[in-house]
Amino acid sequence: MSESFHKTLNNWLKDQFGTGLHARGFAIQNLPEDTKAKALQSLSPQEQTQWQDFSDLHKRREQWLLARLAAKICYTDSLQDQGTRPSLSQIEIIKNQSGKPFLQINKKPLATALSITHTDEYVVAATSQNTNKFGIDLEIKTRPIGDWIGRAFSRKESQMLKDCSPTQLLRCWTAKEAASKAFGTGLHGRWHAWQVAEFDSDQIIIKFEDHEFKVRTLETEAFLFSVCGE
Ligand SMILES: CC(C)(COP(=O)(O)OP(=O)(O)OC[C@H]1O[C@@H](n2cnc3c(N)ncnc32)[C@H](O)[C@@H]1OP(=O)(O)O)[C@@H](O)C(=O)NCCC(=O)NCCS
């Protein structure tokens with residue numbers, strides 16, 4: 001992902017959420033060898049074991065690896081001049097039973113929240129020092145809208161969103177994903193339980209049971225990047 005994308009992304013995060021958020025992304029295709037080497041070196045001993053045991057497809061493995069590097073870079077960026085920085089391999093990413101990722105050093109959980117997203121070819125991680133209810137989601141804007149998008153919204157939502165363009169529908173989808181990651185459950189097929197309750201150009205409100213989530217989206221030429229975090 002280009003430096004100009006990172007600049008746009010991090011400036012937007014600062015504008016929207018203040019100073020506590022950092023994001024970093026990588027493109028899997030044509031990844032420079034030194035970036036791959038850096039990612040492998042950044043793994044903790046436990047993560048190295050996970051990497052070696054990884055049985056999923058090649059692309060999934062690369063996504064996993066680069067997400068770890070991106071997350072660790074975000075965390076060290078967030079420290080700025082606060083004392084000594086840990087090495088990347090001291091920082092570890094663990095997950096709870098639902099799959100929500102957390103940062104830890106020496107087995108001690110860090111207060112900084114982490115969220116990860118990947119599309120086929122791109123990986124983005126972001127950290128927040130502002131809230132632990134934090135979730136992100138990335139989509140390629142030109143992703144063809146398949147049949148699934150019809151199933152993604154309930155009848156009530158479809159009525160509300162009936163005049164939306166494919167890009168705006170995709171934006172609503174990323175908002176659901178980001179909100180469900182902030183809550184820590186993920187969607188896991190419960191697409192209609194996560195309802196688009198309000199939709200305007202600034203933000204989308206997602207409701208789940210009696211919880212409400214505000215999601216803001218950065219739209220660039222190529223991507224939709226949604227963030228849920230107070
Ligand atoms: C599981 C889920 C969190 C994300 O699924 P996904 O499609 O893999 O989405 P992304 O690539 O954006 O996110 C993956 C990351 O989400 C994070 N994640 C997984 N479970 C999570 C949870 N319960 N809470 C917060 N984050 C979670 C992980 O860090 C994962 O990255 P990692 O495996 O490298 O650590 C969830 O929202 C889901 O069920 N998605 C449904 C996808 C779907 O139905 N798509 C249909 C259209 S094709």
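The model is predicted. Its chain is assigned two domains, domain 1 (3-129) and domain 2 (138-229). Both domains give residues to the shell around the ligand, so the ligand lies between them.

- Of the 18 residues of α7, 13 are buried, so the helix is largely enclosed by the rest of the structure.
- His188 is located in the loop between α7 and β7.
- The phi of His188 is also positive, near 45°, in a residue other than glycine.
- His188 has 10 other C-beta atoms within 10 Å, and because the limit for an exposed residue is 12 or fewer, His188 is classed as exposed.

**Domain arrangement**

- The centres of domain 1 and domain 2, taken over C-alpha atoms, are separated by 24 Å.
- Contacts between the domains involve 15 residues of domain 1 and 12 residues of domain 2.
- On the side of domain 1 that touches domain 2, α1 (3-17), β4 and β5 (122-128) each supply at least two residues.
- Helix α1 provides the largest share of that side, with 6 residues.
- By residue class, the side of domain 1 that touches domain 2 consists of 6 nonpolar, 8 polar and 1 charged.

**Ligand shell**

- The ligand has 20 residues around it, of which Gly99, Lys100, Ile116, Thr117 and Gly186 come nearest.
- Two or more residues of the shell come from each of α4 (58-79), β4 (108-118) and α7 (166-183).
- The shell is made up of 6 nonpolar, 10 polar and 4 charged residues.

**Hairpins**

- Strand β2 (residues 91-95) pairs with strand β3 (residues 101-105) in the antiparallel sense, over 5 bridges.
- Within this pairing, Glu92 is opposite Gln104 in β3.
- The two strands β2 and β3 form a hairpin with 5 residues between them, and Gly99 in the turn has a positive phi of about 100°.
- Gly99, from the turn of this hairpin, is also one of the residues that come nearest to the ligand.
- Strands β7 (residues 194-199) and β8 (residues 204-208) run antiparallel and are joined by 5 bridges.
- Glu198 has Ile205 in β8 as its bridge partner.
- A hairpin is formed by β7 and β8 as well, with 4 residues between the strands.

**Ala23 in strand β1**

- Ala23 lies in strand β1.
- The residue has 26 C-beta neighbours inside 10 Å, and because 20 or more are needed for a buried residue, Ala23 counts as buried.
- Leaving out residues up to four places away in sequence, Ala23 touches Leu9, Asn10, Leu13, Cys74, Val124 and Ala126.
- Ala23 and Asp53 are 30 residues apart along the chain, and their C-alpha atoms are separated by 28 Å.

**Leu43 in a loop**

- Leu43 is placed in the loop between α2 (33-41) and α3 (45-53).
- With 21 C-beta neighbours inside 10 Å, Leu43 counts as buried.
- Apart from its neighbours within four places in sequence, Leu43 is in contact with Gln48, Trp51, Arg68 and Ser89.
- Leu43 and Ile93 are 50 residues apart in sequence, while the distance between their C-alpha atoms is 9.2 Å.

**Asn30 in a loop**

- Asn30 is found in the loop between β1 (21-27) and α2.
- The phi of Asn30 is positive, near 55°, in a residue other than glycine.
- Asn30 is exposed, with 6 other C-beta atoms within 10 Å.

Terms used: Residues numbered from 1 in each chain as written. Predicted model: local features only at pLDDT ≥ 70, side-chain atom pairs only at ≥ 80, totals over all residues. Contact = placed C-beta atoms within 7 Å. Near = placed C-beta within 6 Å. Nonpolar A, V, L, I, M, F, W, Y, C, P; charged D, E, K, R; others polar. Domains from an automatic or database assignment. Pairing = 2+ DSSP bridges.
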